[in-house]
Amino acid sequence: MLSRTPQNRGRIRCLKGFSLCPGLVEDYQLPYFNMVTSDPSYEDMLEVVCVKGLRPTVSNRWNSDECLRAMLKLMSECWAHNPASRLTVLRVKKTLAKMVESQDMKI
């Protein structure tokens, strides 16, 4: 558990959606858990991701927290159906750095 120091203030703020309080934590599920078997083949994933163009489902709770909402937006921009529209690695790096700075976090 993170201690409440000035260095961890941003981390705690960003992680509050993942609280250790009973009833607030959702069970972890693998991406595409509701679309493929627990041990999908390459062909299964190719069908779901490339052919059908499906993306992992994300809990609505992500929209209730500013930090998680920003992360969801970034992830969604990486999942654009048109590869040319997806963010570059450099853009992702800069966006994450800006998020960390705005949250006053140290990584």
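Reader: Which residues make the nonpolar surface patch of about 370 Å²?

Author: Tyr28, Leu30 and Phe33 make that patch. Patch members have over 30% relative accessible area and no salt bridge, and nonpolar side chains are joined within 5 Å. This is a predicted model: local features need pLDDT of at least 70, side-chain atom pairs count only at pLDDT 80 or more, and totals for chains, interfaces and linings use all residues. Residues are numbered from 1 along each chain as its sequence is written, and side-chain values use heavy atoms, with hydrogens and water left out.

Reader: OK, and where's Leu30?

Author: Leu30 sits in the loop between helix 1 and helix 2. Tyr32 is also placed in the loop between helix 1 (9-15) and helix 2 (42-51).

Reader: Is Tyr32 buried or exposed?

Author: Tyr32 is buried, at a relative accessible area of 11% (buried is under 20%, exposed over 50%, with a 1.4 Å probe and protein chains only). Its phi is near 65 degrees, a positive value in a residue other than glycine.

Reader: Switching to helix 4: which residues are buried there?

Author: Val92, Met99 and Val100. Seen down the axis of helix 4, the buried residues fall within an arc of 100 degrees, so they line one face.

Reader: What do the buried residues of helix 4 pack against?

Author: They pack against helix 3 (66-78), where contact means heavy atoms within 4.5 Å.

Reader: And which ones are exposed on the other side of helix 4?

Author: Leu90, Lys98, Glu101 and Ser102 are exposed there.

Terms used: Helices (H or I, at least four residues) and strands (E, at least two) are DSSP runs, numbered from the N terminus. The arc is that of the directions from the helix axis to the C-beta atoms. Patches are made of residues with over 30% relative accessible area and no salt bridge: like charges are joined within 9 Å, nonpolar side chains (Val, Leu, Ile, Met, Phe, Trp, Tyr) within 5 Å. Accessible areas come from the Shrake-Rupley method with a 1.4 Å probe; for residues, only the protein chains shown count as cover. A salt bridge is a side-chain nitrogen of Lys or Arg within 4 Å of a carboxyl oxygen of Asp or Glu.
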